[in-house]
Amino acid sequence: MARILLAEDDEIILITLYDRLGREGWQVDRAGDGKQALALIEKGRYHVVISDIRMPGLSGISLMERVKEMSPHTEVILMTAYGNVNDAVDCMRRGAADYILKPFDMDDLIIRIGRLLDKQILRARCASLSEGLVSSRIIGNSTAVARMEEMIGKVAVTGASVLISGESGTGKELVASAIHNQSLRADGPYIKINCAAIPEALIESELFGHERGSFTGAHVRKIGKFELADRGTILLDEIGEMPLPLQAKLLRVLQEKEIERIGGKQPVAVDVRVMCATARDLEEEVREGRFRQDLLYRLKVIPIHVPPLRDRKEDIPLLCDHFLEEFNAGRPTPLLITPEAMDYLAAYDYPGNIRELRNIIERATVLRQGAMITPADLPGDMTATVPAPAFTSDRLADAVAGAEKLCIRQALRKSDNHKGETAVVLGISRKTLWEKIKLYQLESNSPPG
């Protein structure tokens, strides 16, 4: 819910505005002078401040400057009954988001506030992208992926906390992004924070923010990730690395829906959906005394397990095509993977999961010897530990057959296994295509279509 502060010394105008803005569903606080308004701003964060320019105690201009110092993203609308064009230009130059003359149309003010709130949502989404928001597209048509996508669809429309578990490199962030993008909060911010990448001394400030002067070096107020994620979603990656003292504070956030900045005197209400990801066994962490059991219960409202790549090997060809398309971008002649190389790729167990597969494909596109990726372009440990594919020969007929098999396989994937379209692209009849599919044993990759 958007929070708005009204600062106006005219009691009639103050009450009128307070009632009208409250009917819009916004949380509204009011102050009768500049000092009272400043005291409220120091206690909490507001999305919009609406202030008269001439007020006792502290002018609207001075209040705006203090607001911008403490909370740069808060928008300020200044009101006056004595303004002119030069005053408006000066106020906008100093940082005002808008400038209106009294008397004004109330509906016009509502529209202006709505635009500022929309602007803040857009800014938050841009911040999400700068945090490294990844695509929510999950690659794969295996049974394991289908079950996971079904769970994502059910979970997304709820507001429940989600705990995403799985080995490193399986795509837990991808699952979290998919949940957010399909949720009712998709238009809100999506903030990610890696608990393992931030020093223990700094992580509380990163999550909850701090007040000016709360510790050495705190020269300005800092807004934490939870406040930035207000009306959206936050992903706490590697939650198992969070220090125990901070786990207690996170539990309070989940229970009370409010945070306290370091050095703050008042709690700040936040409306945030919390998702967590971990490669650790949190049940074991609880037994070892490194993770709070009550916090685990709060986080594990809906658990989602991301399977390792070795348990969904039928997705490997699709993933290879996806990564190859990514690394082929900008190349005059796209690279292809030979059937022999694909056999090796499909048989490997990938201890590093999808991240390792992507790195292998990238390495092969850089170091390949020719126009196609062959077994010779793959890591030595992959070709050394996996039995050699049965299809290896120096005979011309076998080489031609291998090229034909590769061509059909690639055409089937590009047409999503649609036989009619594939036959047209290849310039052969549908009957001939079916015979080739049977000959090269491509049925498992090519359901009828």
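Modeller: Happy to! Two strands count as paired if DSSP finds at least two bridges between them. This is a predicted model, and here strand 1 (residues 3–7) pairs with strand 3 in the parallel sense over 4 bridges. For instance, Ala7 has Ser51 of strand 3 as its bridge partner.

Biologist: Which strand do 5 bridges join to strand 3?

Modeller: That is strand 4 (residues 75–80), and the two run parallel. Ser51 has Leu78 as its bridge partner in strand 4. Strand 3, helix 3 and strand 4 together make a right-handed β-α-β unit.

Biologist: Is strand 3 largely enclosed or open?

Modeller: Buried means under 20% relative accessible area. In strand 3 (residues 48–52), 5 of the 5 residues are buried, so the strand is largely enclosed by the rest of the structure. Val48, Ile50 and Asp52 cover one side, with Val49 and Ser51 on the other.

Biologist: And how does Glu69 count, buried or partly exposed?

Modeller: Glu69 lies in helix 3 (residues 60–70). It counts as partly exposed because its relative accessibility is 33%.

Biologist: What about nonpolar cores?

Modeller: In soluble globular proteins, nonpolar side chains tend to be buried together. Here the largest nonpolar core has 31 residues, and Leu207, Phe226, Leu236 and Ile239 touch the most other members. Helix 10 gives the largest share of this core, 5 residues. Beyond its neighbours within four places in sequence, Leu207 is in contact with residues including Ile193, Phe226 and Leu246. A second, separate core of 24 residues includes Ile316, Tyr348, Ile360 and Leu378.

Key: Residues numbered from 1 in each chain as written. Predicted model: local features only at pLDDT ≥ 70, side-chain atom pairs only at ≥ 80, totals over all residues. Heavy atoms only, no water. Buried < 20%, exposed > 50% of the residue type's maximum accessible area, 1.4 Å probe, protein only. Core = buried A, V, L, I, M, F, W, Y, C linked by side-chain atoms within 4.5 Å. Contact = heavy atoms within 4.5 Å. Right-handed = clockwise from strand over helix to strand, strands pointing away.
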